[in-house]
Amino acid sequence: MTGEGGPAGGERVAIVGAGLAGCLLAVLLGRRGVPVTVYERRPDPRAAGAERGRSINLAVSARGLAALERVGLRERALGHALPMHGRMVHPLPGARNFQPYSADGGRAINSIGRAELNRSLLDAAEATPGVTLRFSQRVAGVDTEAGAVLLEGAAAEPADVVLAGDGAYSAVRRSLGFDHDADFLEHGYKELTVPPRDGEFALDPDALHIWPRGTSMMIALPNLDRSFTCTLFWPKGDFEALDTPARVAAHFAEHYPDVAGLMPGLADDYARNPTGSLVTVRAWPWTRYGDGAIVALLGDAAHAIVPFFGQGANCAFEDCIEIDRCLTETGGDWRRALSLYQERRKANTDAIAELSLDNFVEMRDRVSSPVYRARQAATHVLERRLAGRYVSRYELVSFSTLPYAEIPARIRRQNLVLGAVAAGGGAALLGLAVRAARRR
């Protein structure tokens with residue numbers, strides 16, 4: 001059997017999880033000529049539909065688009081997405097204000113429903129020769145000595161390589177006792193809906209809307225049907241306190257007055273949609289080598305992150321691209337490729353986990369501060385004066401493919417420049433900015 005990167009060993013490859021990462025990886029491997037069986041515990045979501053209240057709309061940006069382009073899905077994804085060129089901040093009290101993501105206002109992240117993107121990837125996987133999709137097949141674990149995928153209610157099936165993309169609560173990771181930490185925020189999330197108003201968007205569709213409230217927040221992302229998916233990020237005790245429709249209505253009238261009247265299904269959504277948990281998972285190592293099978297974790301199974309930088313799917317897609325790249329570099333040697341994959345990706349996933357946690361504080365609190373807005377304005381001035389050499393943290397994360405692990409050090413250097421801005425550095429500022437940019 002041969003693929004793009006040289007001969008493959010004819011291994012029986014299984015992917016656990018037909019979510020975003022599992023499907024993308026299946027397409028990449030299938031195009032290498034590697035037969036793959038994908039096991040998914042759910043029925044086919046293209047027929048069964050998405051789980052209610054569990055979407056958290058995706059914000060697909062440069063990293064995700066680069067991965068989708070590799071499998072010919074970039075334009076299809078963008079065709080089902082809405083660009084958001086900045087944040088619309090709804091403070092309490094005060095007038096709302098728009099904060100563009102980029103210095104020129106031209107760059108956007110893309111709001112797309114998770115279910116829609118998953119459907120596109122499932123279609124691509126199904127159409128790829130050598131890829132077999134198996135729905136309603138719950139994987140309980142892997143026997144690495146026997147080389148088998150263990151299925152609930154069915155006989156074990158042989159596998160030489162198992163790639164576990166089965167989420168933050170991975171059954172494969174649990175069955176093999178991978179070392180990991182799972183850090184839960186005290187906050188949970190719940191989804192609500194702002195429906196169209198007179199057939200049009202009830203809010204500006206060109207923005208990611210944020211209602212920052214200090215220790216909590218609500219966000220809203222636009223959908224193609226002109227609705228908005230809203231997500232509450234509140235301390236879990238706050239959810240429990242609103243235990244009647246009257247209390248829900250009163251709370252929103254007080255804390256979200258400009259949107260409460262746009263949500264006629266508020267009480268029903270609040271009661272029926274589940275409250276989810278927010279967890280950061282850090283596993284290490286990501287690989288296990290047995291006499292019968294090699295297992296590797298990817299995506300949320302290896303490194304679940306909170307959603308506040310919109311990078312969960314983007315980051316998981318980068319895992320898939322890295323596995324494909326490592327197979328090319330090693331001539332299809334799975335053992336060497338997966339060892340190289342985890343070594344390259346670990347520092348990057350740790351970095352974006354920390355950046356995502358920090359961005360939660362920024363979104364729920366800092367964005368409403370005049371000091372924050374002044375700082376952002378100064379940053380955009382520098383980006384325009386030193387285009388391509390001085391770049392904000394947001395742009396580096398969302399609009400570049402610079403490895404996540406390299407971003408904090410670059411930002412620390414650039415913060416020296418921001419200090420000079422605050423001090424009115426003038427000519428000294430420009431010199432400092434140039435020196436910092438040269439140290440990239």
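This is a predicted model: local features need pLDDT of at least 70, side-chain atom pairs count only at pLDDT 80 or more; totals for chains, interfaces and linings use all residues.
Asp-198 is exposed, as its relative accessible area is 78%. Residues are numbered from 1 along each chain as its sequence is written, and side-chain values use heavy atoms, with hydrogens and water left out.

Back to Asp-198, which sits in the loop between β15 (180-194) and β16 (207-212). Strands (E, at least two residues) and helices (H or I, at least four) are DSSP runs, numbered from the N terminus. The backbone of Asp-198 deserves a look too: its phi is near 55°, a positive value in a residue other than glycine. Ser-136 also has a positive phi, about 55°, although it is not a glycine. You'll find Ser-136 in the loop between β10 (131-134) and β11 (139-143), where its 48% relative accessibility puts it in the partly exposed class.

While we're on loops, check the prolines. The peptide bond joining Leu-92 and Pro-93 is cis, with omega about -5°, and Pro-93 belongs to the loop between β7 (86-89) and β8 (97-100). Trp-284 and Pro-285 are joined by a cis peptide bond as well, again with omega about -5°; here Pro-285 is in the loop between β19 (276-283) and β20 (287-289).

Now for the inside. In soluble globular proteins, nonpolar side chains tend to be buried together. A nonpolar core, as the term is used here, is a set of buried Ala, Val, Leu, Ile, Met, Phe, Trp, Tyr and Cys residues joined through side-chain atoms within 4.5 Å. The largest one has 68 residues, and the members touching the most other members are Leu-29, Leu-117, Leu-121, Leu-163, Trp-334 and Leu-338. Helix α1 (residues 20-31) supplies the largest share of this core, nine residues. Take Leu-29: not counting residues up to four places away in sequence, Leu-29 touches Val-13, Ile-15, Val-34, Val-36, Leu-163, Leu-327 and Trp-334, where contact means heavy atoms within 4.5 Å. A second, separate core has 32 residues, including Leu-221, Leu-278, Tyr-404 and Ile-411.

Next, the helices. Two packed helices are described by the angle between their axes and the distance between the axes. The axes are lines fitted to C-alpha atoms, for helices over the stretch in contact, and angles run from 0 to 180 degrees between N-to-C directions. Helix α12 (residues 312-329) and helix α3 (residues 62-70) have axes that come within 8 Å and cross at roughly 45°. That makes α3 oblique to α12, given that angles under 35 degrees count as roughly parallel, over 145 as roughly antiparallel, 65 to 115 as roughly perpendicular and the rest as oblique. On the α3 side, the contact is made by Arg-63, Gly-64, Ala-67, Leu-68 and Arg-70; α12 brings Asn-314, Phe-317, Glu-318, Ile-321 and Asp-324. Within α3, the buried residues are Arg-63, Gly-64, Leu-65, Ala-67 and Leu-68. After α3 comes Gly-72, with a positive phi near 75°.

How do α12 and helix α13 (residues 334-364) pack? Their axes are 8 Å apart, at an angle of about 150°, and the two helices are therefore roughly antiparallel to each other. Among the residues making this contact are Cys-315, Glu-322 and Leu-327 of α12, and Trp-334, Leu-338 and Arg-345 of α13. By class, the contact of α12 with α13 has ten nonpolar, one polar and seven charged residues. For that tally, Ala, Val, Leu, Ile, Met, Phe, Trp, Tyr, Cys and Pro count as nonpolar, Asp, Glu, Lys and Arg as charged, and the others, Gly among them, as polar.

Further along α13 you reach Asn-359. Is Asn-359 buried or exposed? With 1% relative accessibility, Asn-359 counts as buried. Leaving aside neighbours within four places in sequence, Asn-359 is in contact with Arg-87, Phe-308, Phe-309 and Arg-393.

One last stop is Leu-176, in helix α6 (residues 171-176). Leu-176 is buried at 14% relative accessible area. Beyond its neighbours within four places in sequence, Leu-176 is in contact with Val-142, Thr-144, Arg-288 and Val-295.

Definitions and conventions. Buried means under 20% relative accessible area, exposed over 50%, partly exposed in between (1.4 Å probe, protein chains only).
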